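This briefing concerns how the two parts of a protein chain meet. Please keep the sequence and the structure in view while reading.

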Amino acid sequence: MATELKKGLYWVGVADWDIRHFHGHELSTHRGSTYNSYLIVDEKIALVDTVWAPFQDQLIENIREVVDPARIDYVITNHAEPDHSGSLPVVMRHCTKATLVVSKRGMDSVPGHYHQSWNFKAVGTGETIVLGKNTLVFVEAPMVHWPDSMFTYAAGLNVLMPNDAFGQHYATAFRFNDQVDNEELYQEAIKYYANILTPYSKMVAKKIDEVLAMNLPVEMILPSHGVLWRKEPLQIVKKYQEWAAQRPERSAVILYDTMWQATRRMAEAIGQGMAEMGVPYKIFHMATSDRNDVITEIFKSKGVLVGSPTLNQGLLPTIAPILEDLKGLRFQNKVGAAFGSYGWSGEHIRHLEDHLARCNIQIVRAGVKAKWQPTAADLDSCRDLGKAVAEAVKAE
Ligand code: FEO
């Protein structure tokens with residue numbers, strides 16, 4: 001159903017209450033998502049972003065509640081990822097006179113996805129399209145989070161449509177931030193930032209500075225996923241500035257996997273050492289924990305301890321995916337250490353420390369290994385390791 005957000009501005013997107021995995025299976029979405037599409041009705045009519053292809057009929061129906069799609073003059077595609085551009089083939093069939101507006105880098109990604117000879121118009125930062133009372137202003141935002149990413153600002157309506165930036169995978173009954181549970185909203189917003197945007201933090205901070213310097217009045221920030229920021233819209237911009245600075249909390253995450261509980265006992269002893277130092281920690285068993293939720297907790301925390309026993313001269317398979325993610329996410333300002341049990345060859349600490357170094361996690365102290373089940377002395381070493389990491393977590 002179309003929802004009027006302001007006079008002449010409509011949300012014509014869809015809520016996807018069912019989706020639990022995004023990007024194939026790369027990202028968990030426990031609270032579903034929305035694909036937000038916006039319709040601006042002025043002397044000229046513009047549609048800003050579309051929805052994922054399985055919902056294309058719903059999008060067309062929503063548009064029809066407001067206008068005949070054949071009257072649409074401009075379709076703006078801020079970003080080619082299929083969750084936003086997937087309906088373009090059907091939209092462009094219905095919007096028979098529309099010009100398809102993309103960023104300069106979008107001239108690579110959009111045709112690269114659809115191989116259609118639509119009536120394209122490439123725009124760069126500062127270029128405008130006058131709709132009537134309202135004018136669209138474009139700001140390229142490369143690597144926030146794809147090379148083609150672009151923000152569209154509607155002057156007159158005074159709303160910023162920054163596509164993926166400031167979004168959350170969060171399906172809700174109501175559209176605005178003052179109508180939903182803000183604790184859930186921020187959990188989803190930080191998860192989105194931690195898992196998707198962290199590697200581009202420098203670009204995010206720079207782009208925010210650039211947009212703020214334009215001194216545009218912003219009454220609403222309308223991302224392409226989740227809830228729309230109407231109440232104090234700049235609150236999420238300030239949060240992004242904090243997150244982009246990557247100054248983590250004085251806390252730690254201890255993640256591990258185990259076969260016969262030896263490495264679990266070591267994890268708990270490390271936690272005891274941290275607690276003695278007054279540093280809060282969370283323990284995650286990777287065989288039963290959601291990888292993206294653990295990544296979010298790591299993003300928030302300064303300390304990261306990783307444990308695995310040796311298996312076939314390597315690590316338990318559940319540990320490898322999160323280490324691969326952490327390498328790519330390039331978190332800053334982390335300290336940590338390795339631990340785990342072994343039976344005979346015992347290469348796990350070396351492997352874990354190699355991974356920690358590749359993940360940009362500064363190793364505070366050599367890891368603790370325990371043969372078979374840990375002895376009382378091994379558990380004391382784990383407590384000492386917890387204390388050493390806690391000290392580094394507390395250090396300025
Ligand atoms: Fe980068 Fe929501 O797609």
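Taken over C-alpha atoms, the centres of domain 1 and domain 2 are separated by 38 Å. The contact between them draws 13 residues from domain 1 and 14 residues from domain 2. The model is a predicted one, and in the domain assignment of the protein chain domain 1 covers 3-245, while domain 2 covers 249-394.

**Buried area**

- Between domain 1 and domain 2 an area of about 1,100 Å² is buried, and carbon and sulfur atoms give 53% of that area.
- On the side of domain 1, the residues that lose the most area to domain 2 are Ala194, Asn195 and Pro199, which together make up 39% of what that side buries.

**Polar and charged pairs**

- One salt bridge is found across the interface of domain 1 and domain 2.
- The side chains of Lys191 and Asp293 meet in a salt bridge, with an N to O distance of 3.2 Å.
- Eight residue pairs are in polar contact across the interface of domain 1 and domain 2, with both residues of each pair at pLDDT 80 or more.

**Make-up of the domain 1 side**

- Strand E5 (27-28), helix H5 (182-197) and helix H7 (234-245) are the elements that each give two or more residues to the side of domain 1 that touches domain 2.
- Helix H5 supplies the largest share of that side, namely five residues.
- Sorted by class, the side of domain 1 that touches domain 2 consists of seven nonpolar, four polar and two charged residues.

Technical notes. Residues numbered from 1 in each chain as written. Predicted model: local features only at pLDDT ≥ 70, side-chain atom pairs only at ≥ 80, totals over all residues. Heavy atoms only, no water. Domains from an automatic or database assignment. Contact = heavy atoms within 4.5 Å. Buried area = accessible area lost by both parts, 1.4 Å probe. Salt bridge = Lys/Arg side-chain N within 4 Å of Asp/Glu carboxyl O. Polar contact = N/O pair within 3.5 Å; in protein donor to acceptor, adjacent residues only side chain to side chain. Helix = DSSP H or I, 4+ residues; strand = E, 2+ residues; numbered from the N terminus. Nonpolar A, V, L, I, M, F, W, Y, C, P; charged D, E, K, R; others polar.
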